[in-house]
Amino acid sequence: MAERVKYRVDLRLVGRMTQIPDSQKIFGALMHRYAEYTSEEQTTALVAEVKQSSYGFLLSNLMPKGYLPMPQTYVLSRLSSTVEESGKSFYKSLKKRLFAPIEQMEHVISRPGHLPDPYIEVEQIQQIHAAIDGKRYNIPALSPNLYSVPEVVVREVTASTDEKKSEDRTRLIQDFSFYIGLEIGLEHDMMIEMLHHAKTSGRPFVLGARSSQGLNTFEIIDIHAETYESSVGEGYYLNLGMLLPRNIDYSKSSLKLFTSERRPFNPKIGWDESMKGHFISFIDSGSVVYVNDTIETAGGCVPSPIHPKEIVFGRAYLHPLAGLEAVK
């Protein structure tokens, strides 16, 4: 049985971000840096092994440090028969809790009617930007071109316990983490070397577009290792990334789907609207999945519908849910 290692990679946001990066975006960024650190040939070989599931490679989405995605669908399914008209306030409170503290997850699962505190909320905003086309094209008469850029603000919220002051306390989140599971071998060694090099080099770790505008850039703060084996098998897990399911029991799972459209992107003109889009659905983070075998066999990858040499990464990292068997 191949030995695998679970790592937690801690990052700090530099500036602002347009969205919280998912496991696919992180996979793409890792492969880009891996190719720079090793070679295009080694990276192509690694991607092929990941696609064929011949090499153990699991990834989570980026999450606030110390938090896991809230299993909202599971909580609602457990309480569907009890939450009625009077439960609208509960549903509102549940909906804004996108992440729960790691140490409270077992309590959330065993007592879904009790919501976690503190928690993480995410606010979607629009920032107005101006493109100075007159300077860009050397035509002074051109007026500035105004456009909006979507951004997200991630906050930790702690409910107030002061009866005289009902306002909750909030704190802006700048520290994030993602989990990566790697099979021991040459690929593991080179990937971890690359991450440590990225940490010490001080070069920004880019996880999204508009990095030239100071958006979606991070610095790697630390890399923590924890050894485990593939014997972590059948049972209930919390999905931490974008999962393309391969070996799960749907009847025992509480799932939330996320569907995205794929079409070619041109950096100069944007999305190519003349090309027909391809839609693909994933099991979203925060879903509770029942794995039939091991977490390494739960998800898979498929070829990209746009670029055949690339893959759509769907091998999400899964977090075991202790005690769920007893309450199902």
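Predicted model: local features only at pLDDT ≥ 70, side-chain atom pairs only at ≥ 80, totals over all residues.
Colleague: Let's start with helices. At what angle do helix H1 and helix H7 pack, and how far apart are their axes?

Modeller: Angles from 65 to 115 degrees count as roughly perpendicular. Here H1 (residues 23-37) and H7 (residues 186-201) cross at about 95°, with 10 Å between their axes, so the two helices are roughly perpendicular to each other.

Colleague: Which residues make that meeting?

Modeller: From H1 you have Leu 30, Met 31, Arg 33, Tyr 34 and Tyr 37. On the H7 side they meet Glu 187, Met 190, Met 191, Glu 193, Met 194, Leu 195, His 197 and Ala 198. Sorted by class, that contact has nine nonpolar, one polar and three charged residues.

Colleague: And what about H1 with H2: which angle and axis distance go with that pair?

Modeller: The angle for H1 and H2 is about 145°, and their axes are 8 Å apart. H1 brings Phe 27, Met 31, Tyr 34 and Ala 35, while H2 brings Glu 40, Gln 42, Thr 43, Leu 46, Val 47 and Val 50. The class count for this contact is seven nonpolar, two polar and one charged. Look at Met 31 and Tyr 34 on screen: they are listed in the contact with H7 and also in the contact with H2.

Colleague: On to strands. In what order do the four strands of the open sheet come?

Modeller: Read across the sheet as E13-E18-E12-E21, with antiparallel pairing. To spot an edge, look for a strand that pairs on one side only: here those are E13 (248-254) and E21 (318-320). Neighbouring strands are turned by 40° against each other on average, ignoring direction.

Colleague: How many bridges join E12 to E18?

Modeller: Four bridges link E12 (residues 235-239) to E18 (residues 288-291), and the two strands run antiparallel. To find one of the pairs yourself, go to Leu 238, whose bridge partner in E18 is Val 288.

Colleague: Where is the cis peptide bond?

Modeller: Go to the bond from Asp 117 to Pro 118, where omega is near 0°. Pro 118 is in the loop between helix H5 (105-110) and strand E6 (119-131).

Colleague: Which side chain does the Glu 156 side chain make a polar contact with?

Modeller: That would be the side chain of Tyr 67, at 2.6 Å. Leaving out residues up to four places away in sequence, Glu 156 touches several others, including Pro 118, Tyr 119, Ile 120, Arg 169 and Arg 171.

Methods
Residues numbered from 1 in each chain as written. Heavy atoms only, no water. Axes fitted to C-alpha atoms, helices over the stretch in contact; angles between N-to-C directions. Parallel < 35°, antiparallel > 145°, perpendicular 65-115°, else oblique. Contact = heavy atoms within 4.5 Å. Nonpolar A, V, L, I, M, F, W, Y, C, P; charged D, E, K, R; others polar. Pairing = 2+ DSSP bridges. Polar contact = N/O pair within 3.5 Å; in protein donor to acceptor, adjacent residues only side chain to side chain.
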